[in-house]
Amino acid sequence: MSASPQAQAPAKASFKFPFWAQIVAGLALGVLFGWIARSQDVSWLKTTLEQVGDIFIQLLKLAVAPLVFFAILVSITNLRKVNNAARLASRTLLWFMITSLIAVGIGLAIGLLTDPGAGTGLTPADGKEPKRHGSWIDFLTGIVPKDIVTPFTELNVLQIVFLAAVAGIAALQLGAKAQPVLNLAESVLELLQKALWWVIRLAPIGTVGLIGTAIASYGWDLIGKYATFTADIYIGCALVMFGVYPLLLATVAKVNPLQFFKGAWPAIQLAFVSRSSVGTMPVTQKVTERLGVPKAYASFSVPFGATTKMDGCAAIYPALAAIFIANIFDVQLGIKEYLLIAFVSVVGSAATAGLTGATVMLTLTLSTLGLPLAGVGLLMAIDPILDMMRTATNVAGQAVVPVLVSAREGILDKEAYAAASSSPLDEATAAQPAPVAVAA
């Protein structure tokens, strides 16, 4: 007697190539092809790798503007479904600030211990002023857009967040009258997330192009000049991601940190490849919900975090970069400057906006400290390699904080947390678990 389709399903699923393995395979192929393109001077291969990587990033960016707008709009209006919404929002912001302060402290400590700019052979003449600047005046005046269209055409995420927040608050004030608009917004958001899932499934191919381009363009010689600085970034991010976050999960949330990484790893690895917190946002929200965070709260905290929570790009990186540039330009930093770096990391992190790169945040930090903006040019060549680890740390923090807050408020589903282990991409078509009820 032949086996039923139900009986055959598990055997078929066991041969499925998991998404994390596809990413690892993409990394390996990217390194191999990049090395071949550089060592053998294969120009067509380098061009192909660059085009593949660019297309993948462009597809992610294509959805950024509408995704951010509708995600923030829906997340704000979803707060009405949550008891103690104001308390949850304030606790989320508080933990964002606490973890950012810890991260910038680690970045400063590593920088002071290693002097990353010393012995590099680089000089101020090697730097050039970046095209994109960040200053407090630009930051504050740049929040409010001059019109509705420009923020979307120029991909100014901070202004898009402002428009979405205004629309969300207005919708809450209107109540039932705004429901048709909210229904449309929720439908559009689901459509965007569905389309972005298709792009995310291309991540293994995009990985080959992005990693291959990095190796083919920069090689290991360039990395050698920035060896200390690169190591500092990776070590600092690793200490936050695998040291600070697990410690907070174990002591504050009182949950198993290893289980967190089992559940959150799909988002972390995609962030590493894509270098975009916003592009990773649908995966981050899905893994956060599967870690037991109530859906109504996750739909607020994750989009909010994707545009403002940047421990890698806005805390560790600018702290180390400021010390690196001060070393090159022979500028002495004191206690006042270190406190300013900590202040900027907490208050100005929204300037990074969840996109690839952290140039605006770095220039904001340098202008606050009075350091030469030409120092940014020293770091641009190595930036893609640094940005992978920075973004992975960002996304890990964006998932950790909702777990911490949910656990502290008694709304974390501990059973769902303990069971979270599968990749959302492997089970994209599976039935979703029922939303967790939020207690008063």
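Modeller: Gln-285 has 12% relative accessibility, so it counts as buried (buried is under 20% relative accessible area, exposed over 50%, partly exposed in between, with a 1.4 Å probe and protein chains only). Keep in mind that this is a predicted model, where local features need pLDDT of at least 70, side-chain atom pairs count only at pLDDT 80 or more, and totals for chains, interfaces and linings use all residues. Residues are numbered from 1 along each chain as its sequence is written, and side-chain values use heavy atoms, with hydrogens and water left out.

Biologist: Which residues does Gln-285 touch, leaving out those up to four places away in sequence?

Modeller: Gln-193, Ala-298, Ser-299, Val-302 and Pro-303, where contact means heavy atoms within 4.5 Å. Gln-285 itself sits in helix 13 (helices are DSSP runs of H or I with at least four residues, strands are E runs of at least two, and both are numbered from the N terminus).

Biologist: And how do I read the packing of two helices?

Modeller: Two packed helices are described by the angle between their axes and by the distance between those axes. Axes are lines fitted to C-alpha atoms, for helices over the stretch in contact, and angles run from 0 to 180 degrees between N-to-C directions. Here, helix 12 (residues 257-274) and helix 13 (residues 277-290) pack at about 165°, with axes 8 Å apart. Helix 12 and helix 13 are therefore roughly antiparallel (over 145 degrees; under 35 is roughly parallel, 65 to 115 roughly perpendicular, the rest oblique).

Biologist: Which residues make that contact between helix 12 and helix 13?

Modeller: Helix 12 brings Gly-263, Ala-264, Pro-266, Ala-267, Leu-270, Ala-271 and Ser-274, while helix 13 brings Thr-280, Val-283, Thr-284 and Val-287.

Biologist: At what angle does helix 4 pack with helix 13?

Modeller: About 50°, with the axes of helix 4 (residues 64-78) and helix 13 10 Å apart. Helix 4 and helix 13 are therefore oblique to each other. Val-64, Leu-67, Val-68 and Ala-71 of helix 4 meet Val-278, Met-281 and Pro-282 of helix 13.

Biologist: How many helices and strands are there in the protein?

Modeller: There are 20 helices and zero strands. Buried residues make up 55% of the 440 residues. Cys-313, in helix 15 (residues 312-328), counts as buried because its relative accessibility is 2%.
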